[in-house]
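Let us go through the labels on this model and ask what stands behind each one.

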Amino acid sequence: MTDVMILARDARVYLPLVEAAGLPDVTLHACETVAGARGTVAACEVILGQPDMVARVLPEAHRLAWVQSTFAGVDALCRPGLRRDYLLTGVKGIFGPLMSEYVFGYILATERRVFDVRANQQEKAWVPLSYRSIRGLTLGVCGLGSIGGHVAETGRHFGMRVLGYRRRQGASQGVDQLFSGPGFHDFLSQCDYVVSVLPATPSTRHLFNRDAFSAMKPSAVFMNVGRGSTVCEPDLMAALETRQIAGAVLDVFEEEPLAPEHPLWETEGAVVTPHIAAFSFPEEIAGIFCRNFAAWRAGAEPAYPVDFDQGY
């Protein structure tokens, strides 16, 4: 019998989905709080859970062999000093379409001047506004995993010129030109929209800083749907205030939730959204978990293993 803990704020949603899979010889424990998990987690070999919550019970999970994350971002479990004597698997293949919807929703809203049109409507002002097509604009995608690849593919569908950037050299389909390593600023200088889907790692921390924003076009818009730690927020605010860049669409931040007194809320040119670009839909995550559980039980490697050092 294998004890499996579902540790998530919506664990009660996950529970019937996993139960419906009929996993053999499994005892399921659903916990919606870290406090509720303590005492039970010691007997569990497997945890399906949110990384930030799982990280807090690691010291007590004495039999732990495998954690399946419910989120794409697993940096909470990859921090220095945390134990790594278990298999960690992530989630891929389901967030790309959601991220693309978010990114292109805001690109299209910007280019079609949706916010200006709405403001004119509120004033009952009939003002035909000029706009430009996104066909022919240059989209830069930082991070070319499954999510970045989908964003790039969507850009090509709209007829955009698509550039890609990754920290290390390597083949990547779906972009017109690939940059890596020291080519970062050259990459940035060509983009009308820069979309970051980079993970949180030591090498990506504050990658988007004063020098990076200085390398961008004054007309460029920066979009972050990856991790907040990749951006030096004071440098970004300075770039917006001095019009080094035209705007920023931000879904992730160094500290979440963003404090009410944080100046980003009122920074001209910044759009702030509360980490909603891509929700984890339980039915999709549960499907990945159940398939991975069958592989793990059979002694095979589950899909999407995470390298703790790389953070993905």
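Q: What is Leu 28 in contact with, leaving aside its neighbours within four places in sequence?
A: Its partners are Val 4, Leu 15, Val 18 and Glu 19. Contact means heavy atoms within 4.5 Å.

Q: What kind of model is this, and what are the ground rules?
A: This is a predicted model: local features need pLDDT of at least 70, side-chain atom pairs count only at pLDDT 80 or more, and totals for chains, interfaces and linings use all residues. Numbering starts from 1 along each chain as its sequence is written, and side-chain values use heavy atoms, with hydrogens and water left out.

Q: Why is Leu 28 called partly exposed?
A: Its relative accessible area is 24%. Buried means under 20%, exposed over 50%, and partly exposed in between, with a 1.4 Å probe and protein chains only. The value falls in the middle class, so Leu 28 is partly exposed.

Q: Where does Leu 28 sit, and how far is Asn 209?
A: Leu 28 is in strand E2, residues 26–31. Helices (H or I, at least four residues) and strands (E, at least two) are DSSP runs, numbered from the N terminus. Asn 209 is 181 residues away along the chain, and the two C-alpha atoms are separated by 45 Å.

Q: How many helices and strands does the protein chain have, and what makes it as compact as a globular protein of its length?
A: The protein chain has 10 helices and 12 strands. Its radius of gyration is 21 Å, close to the 20 Å that the globule rule gives for 312 residues, so the chain is as compact as a globular protein of that length. The radius is taken over C-alpha atoms, and the rule is 2.2 Å times the number of residues to the power 0.38. Along the principal axes, the C-alpha atoms fill a box of roughly 65 × 45 × 35 Å.

Q: What share of the chain is buried, and what share of contacts joins residues at least 24 apart?
A: Buried residues make up 49% of the 312. Among contacts between residues at least 6 apart in sequence, 58% join residues at least 24 apart.

Q: How many aromatic pairs are there, and why is Phe 208 with Phe 222 called tilted?
A: The structure holds 15 aromatic pairs. For Phe 208 and Phe 222, the ring centres are 4.7 Å apart and the planes are at 45°, so the pair is tilted. Rings of Phe, Tyr and Trp (its six-membered ring) pair if their centres lie within 6.5 Å; planes under 30 degrees apart count as stacked, over 60 as edge-to-face and the rest as tilted.

Q: What parts does the pair of Phe 208 and Phe 222 tie together?
A: Phe 208 lies in the loop between strand E9 (193–196) and helix H8 (210–215), and Phe 222 in strand E10 (residues 221–224), so the pair ties together parts that are 14 residues apart in sequence.

Q: What makes Phe 213 and Phe 222 an edge-to-face pair?
A: The planes of Phe 213 and Phe 222 are at 80° and the ring centres 5.6 Å apart, so the pair is edge-to-face.

Q: How do you know whether Phe 213 and Phe 222 are buried or exposed?
A: Phe 213 has 0% relative accessibility, so it counts as buried. Phe 222 is also at 0% and counts as buried. Both belong to one aromatic cluster, which is formed by Tyr 165, Phe 179, Phe 184, Phe 187, Phe 208, Phe 213 and Phe 222.

Q: Why does Ser 229 count as buried?
A: Its relative accessibility is 19%, so Ser 229 falls under the buried limit. It is placed in the loop between E10 and helix H9 (233–241). Not counting residues up to four places away in sequence, Ser 229 touches Ala 200, Thr 204, Arg 205, His 206 and Glu 254.

Q: Why are Arg 112 and Arg 113 called partly exposed?
A: Arg 112 is at 47% relative accessibility, so it counts as partly exposed. Arg 113, at 27%, counts as partly exposed. Arg 113 lies in the loop between helix H4 (96–111) and helix H5 (114–122), and Arg 112 lies in the loop between H4 and H5.

Q: What is the phi of Arg 113 and of Asp 25?
A: Most residues other than glycine have a negative phi. Phi of Arg 113 is near 55°, a positive value. Asp 25, in the loop between helix H1 (11–20) and E2, also has phi near 55°.

Q: Which peptide bond is cis, from Glu 256?
A: The bond from Glu 256 to Pro 257 is cis, with omega near -5°. Pro 257 is found in the loop between strand E11 (247–250) and strand E12 (270–272).
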